[in-house]
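Subject: Structure handover

Hello,

I am passing on the structure we spoke about. Please look through it first; my notes come after it.

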Amino acid sequence: VTSRNGDRLAWIVAIPFLRGGDLPPSPDADGTALAAAMTGIYREAVALAEVHRRPGEPIIAMGHLSIVNGTLSPESERRILAGTQQGLPVDAFDDRVAYVALGHLHRAQAHGTGGRVRYSGSPIPYSFSEAHPKSIRVVDLAPDGTVTARTVAIPMGRPVVVLTDTMENLLNDAKYDKYTDHWVSVKLEDREIQAEPKQRLAKRFPFVAPVTYVRLAGAASV
């Protein structure tokens, strides 16, 4: 990264999404060797940047991966690592890296000491499991090599919400008025099949999508 006058401000180490074919075959069923191989790729890339950087030039790492203990949006993300491995450990990025900007997990979150490892999250919801606020991260590089970052909230377009209640309450309870402009996933608690549930709900919630029963034997979508 350079400034407008051409001075180098930082080194960016960016690794794309790593598919199974990009890595050595994993000999163990739990995926430990695969996680170790991915960690090794990041550390080698950081080491290469460290060789070339001048004093005061920070290293910023970027990657598309899951981090251990990351908070998932269950309906949105697919697993990257095989076996029982949740993802890469935070210490895959050691203190040589000033800031780590990650993609894949859709919820904004921080990991590691001081929150140095970050997901900005997806800018819009990709499923009903993403009813959380959306934001971006702005990373500022000072001429002295200092790296600071801040969170900027962004509108998510049409919000999403999951409503769980009986048909009667969903149609009449005033507490649901604030959701009439949302994408709505409904989980009906009625113990009997309702007549034309989606059509009736759509009169109050024009953007209703899935409607399911949660208390019927063999609960089904409608």
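This is a predicted model: local features need pLDDT of at least 70, side-chain atom pairs count only at pLDDT 80 or more; totals for chains, interfaces and linings use all residues.

Helix α1

Helix α1 covers residues 32-52, and its 21 residues should span 30 Å at 1.5 Å a residue. The C-alpha atoms at its ends lie 31 Å apart, which agrees. The buried residues in α1 are L34, A35, M38, T39, Y42, A45, V46 and A49. They sit on the same side of α1, because the arc they cover around the axis is only 140°. An α-helix has 3.6 residues a turn, so residues three or four places apart point the same way. The other side of α1 carries exposed residues: E44, L48 and V51.

What do the buried residues of α1 pack against? Their partners are β1 (11-15) and β2 (59-64).

Strands β1, β2 and β3

β1 and β2 are paired in the parallel sense, over five bridges. I15 has G63 in β2 as its bridge partner. β2 is also joined by five bridges to β3 (residues 99-103), and these two strands run parallel. Here M62 is opposite A101 in β3.

The sheet of β8, β9 and β10

There is also an open sheet of three strands, ordered β8-β9-β10 and paired in parallel. β8 (160-165) and β10 (208-213) are the edge strands; each has a single partner strand, so one side of each has no neighbour in the sheet. On average, neighbouring strands of this sheet are turned by 15° against each other, direction ignored. β8 and β9 (residues 183-188) run parallel and are joined by six bridges. D165 is placed opposite L188 in β9.

Aromatic pairs

How many aromatic pairs are there? The count comes to two. One is formed by Y42 and F93, edge-to-face, with 5.2 Å centre to centre and 75° between the planes. This pair links distant parts of the chain, since Y42 belongs to helix α1 and F93 to the loop between β2 and β3, 51 residues apart. Y42 is buried, at 1% relative accessibility, and F93 is buried too, with a relative accessible area of 2%.

W183 and F207 have ring centres 5.5 Å apart and planes at 70°, so this pair is edge-to-face. W183 is in strand β9 and F207 in the loop between α3 (197-202) and β10, so the pair ties together parts 24 residues apart in sequence. W183 counts as partly exposed at 38% relative accessibility, and F207 counts as partly exposed at 26%.

Regards

How values were computed: Residues are numbered from 1 along each chain as its sequence is written. Side-chain values use heavy atoms; hydrogens and water are left out. Two strands pair if DSSP finds at least two bridges between them. Helices (H or I, at least four residues) and strands (E, at least two) are DSSP runs, numbered from the N terminus. Axes are lines fitted to C-alpha atoms, for helices over the stretch in contact, and angles run from 0 to 180 degrees between N-to-C directions. The expected span of a helix is 1.5 Å times one less than its number of residues. Buried means under 20% relative accessible area, exposed over 50%, partly exposed in between (1.4 Å probe, protein chains only). The arc is that of the directions from the helix axis to the C-beta atoms. Contact means heavy atoms within 4.5 Å. Rings of Phe, Tyr and Trp (its six-membered ring) pair if their centres lie within 6.5 Å; planes under 30 degrees apart count as stacked, over 60 as edge-to-face and the rest as tilted.
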